[in-house]
Amino acid sequence: MSAKKVKIGNIFIGGGEPIAVQSMTNTDTADYAATTAQLAALREAGCDIARLAVRNFADVEVCKKYVEECAMPLVADIQFDCRLAIACADIGFAKVRYNPGNTTASGLKELVAACRANSCPIRIGINGGSLEKDIKEKHGGATADALAESAMRSVHALENANFFDIVISVKSSDVATCVNAYEILAKSCDYPLHIGITESGWGEDAVIKSSAGIGAMLLRGVGDTLRVSLTGDPVREVEVGKSILSAVGLNKNFVEIISCPTCARCFYDLETLVVKCKAMTKNVRKPLKIAVMGCAVNGPGEAADADIGIAGGKDKAVLFKKGVIVETLPTKEAEEKFTTMLGELIK
Ligand code: SF4
């Protein structure tokens with residue numbers, strides 16, 4: 001995690017703060033109703049920071065309303081036109097994503113002045129496609145070293161303009177390249193890193209690719225804010241982001257369901273019960289651990305730290321709390337009692 005802390009609206013990233021989960025709207029930014037609805041859905045799913053693509057001055061006009069109304073810090077994503085980045089800092093965006101290499105010296109000076117006046121950090125976002133020609137040639141392509149060098153060139157451009165409110169991302173769709181690039185950056189500077197695997201694709205494959213990359217970085221202590229980039233509804237990005245944080249132990253505020261893979265010793269419909277428990281606890285933000293195990297021989301022992309658990313048997317099932325059996329009941333009754341106990345716990 002970075003040493004430096006940067007303020008994004010009403011939250012901080014870096015400097016040991018909790019990892020913020022980000023996403024990006026994929027509605028038409030100028031479509032107020034659709035974008036407002038999507039921002040609300042993202043917030044509901046637990047998104048900490050949302051980004052919008054700002055393509056022109058008509059978008060900037062509509063964005064004034066989002067900035068005013070949305071409780072989440074909003075980030076303006078600008079590709080080339082520095083004047084748009086300046087306008088976005090001026091209307092109160094919490095951060096702008098803009099690469100200094102895309103403007104002239106005077107443009108950069110104006111952007112830095114606007115961002116400083118509005119306490120608006122700049123995220124440098126480097127990806128394989130945006131690499132400078134000389135850096136690409138030097139490293140023989142979009143390697144991890146090339147991505148990191150390009151990012152540091154942009155960092156130095158901002159530092160030379162006396163601007164230090166910086167967040168960095170270097171994205172590649174290749175997991176190993178991406179992880180290595182972030183590791184190099186983490187050693188090269190103290191700025192917060194926005195991590196993710198870009199263009200990771202669609203569906204389960206994309207979730208696995210993102211989880212492998214983001215999980216690897218977080219376990220090495222690299223990353224201060226994350227975005228899981230998935231084709232489709234951005235709400236899914238937030239759900240996956242939260243799950244990755246939970247899986248690597250950086251989010252304790254959720255209901256963890258421990259369940260066994262089942263084997264010939266399991267005599268009840270464990271999977272249906274797990275699915276039911278998952279549905280009951282999906283949006284519960286409480287540090288709880290519950291266990292649904294296939295048999296009483298191994299179950300309570302293997303899930304000894306669960307707040308509550310059930311372990312099935314041939315005709316009867318046991319209910320346990322912190323590894324201690326509290327009741328033995330016919331299986332159907334035990335299942336019902338277990339879901340009642342869970343309902344009480346998550347109230
Ligand atoms: S807990 Fe029991 S049923 Fe589940 S996998 Fe282990 S031995 Fe099999």
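Me: How many nonpolar, polar and charged residues does the lining of the second largest pocket have?

Reply: In this predicted model, the lining of the second largest pocket has 16 polar residues, together with eight charged and seven nonpolar ones. Its volume is about 650 Å³, and among the 31 residues that line this pocket, Arg-51, Asp-77, Gln-79, Arg-97 and Asn-127 lie nearest its centre.

Me: What makes the contact between Asp-77 and Arg-51 a salt bridge?

Reply: The side chains of Asp-77 and Arg-51 meet at 2.4 Å, N to O, and the rule asks for a side-chain nitrogen of Lys or Arg within 4 Å of a carboxyl oxygen of Asp or Glu, so the pair qualifies. The two partners belong to distant parts of the chain, Asp-77 to strand β5 and Arg-51 to strand β4, 26 residues apart. Both Asp-77 and Arg-51 are buried.

Me: Why is Arg-55 called partly exposed?

Reply: The relative accessible area of Arg-55 is 48%, and because the class runs between 20% and 50%, this value falls inside it. The side chains of Arg-55 and Asp-28 meet in a salt bridge of 2.6 Å, N to O, and a network of salt bridges links Asp-28, Arg-55 and Asp-59.

Me: What does the salt bridge between Glu-17 and Lys-5 tie together?

Reply: The side chains of Glu-17 and Lys-5 meet at 2.9 Å, N to O. Glu-17 lies in the loop between β2 and β3, whereas Lys-5 lies in strand β1, so the pair ties together parts that are 12 residues apart in sequence. Glu-17 has a relative accessibility of 27% and is therefore partly exposed, and Lys-5, with 39%, is partly exposed too.

Me: What makes β8 and β9 the edge strands?

Reply: Eight strands form an open sheet in the order β8-β7-β6-β5-β4-β3-β10-β9, with parallel pairing, and β8 and β9 each pair on one side only. Further in, three bridges join β3 to β4, and since two strands pair if at least two bridges are found between them, these two count as paired.

Me: How do you know that the largest pocket draws on both domain 1 and domain 2?

Reply: Its lining takes at least three residues from each of domain 1 (5–247) and domain 2 (255–346). The largest pocket, with a volume of about 1100 Å³, is lined by 36 residues, and the largest share of that lining, 10 residues, comes from α9.

Notes:
Residues are numbered from 1 along each chain as its sequence is written. This is a predicted model: local features need pLDDT of at least 70, side-chain atom pairs count only at pLDDT 80 or more; totals for chains, interfaces and linings use all residues. Side-chain values use heavy atoms; hydrogens and water are left out. On a 1 Å grid over the protein atoms alone, a cavity is a set of points where a 1.4 Å probe fits but cannot get out, and a pocket is an open set with protein on both sides within 12 Å along at least five of seven lines; lining residues have an atom within 4 Å of a point. Grid points are joined across faces, edges and corners, and a volume is the space filled by probe spheres set on the points. Helices (H or I, at least four residues) and strands (E, at least two) are DSSP runs, numbered from the N terminus. Domain bounds come from an automatic or database domain assignment. Ala, Val, Leu, Ile, Met, Phe, Trp, Tyr, Cys and Pro count as nonpolar, Asp, Glu, Lys and Arg as charged, and the others, Gly among them, as polar. Buried means under 20% relative accessible area, exposed over 50%, partly exposed in between (1.4 Å probe, protein chains only).
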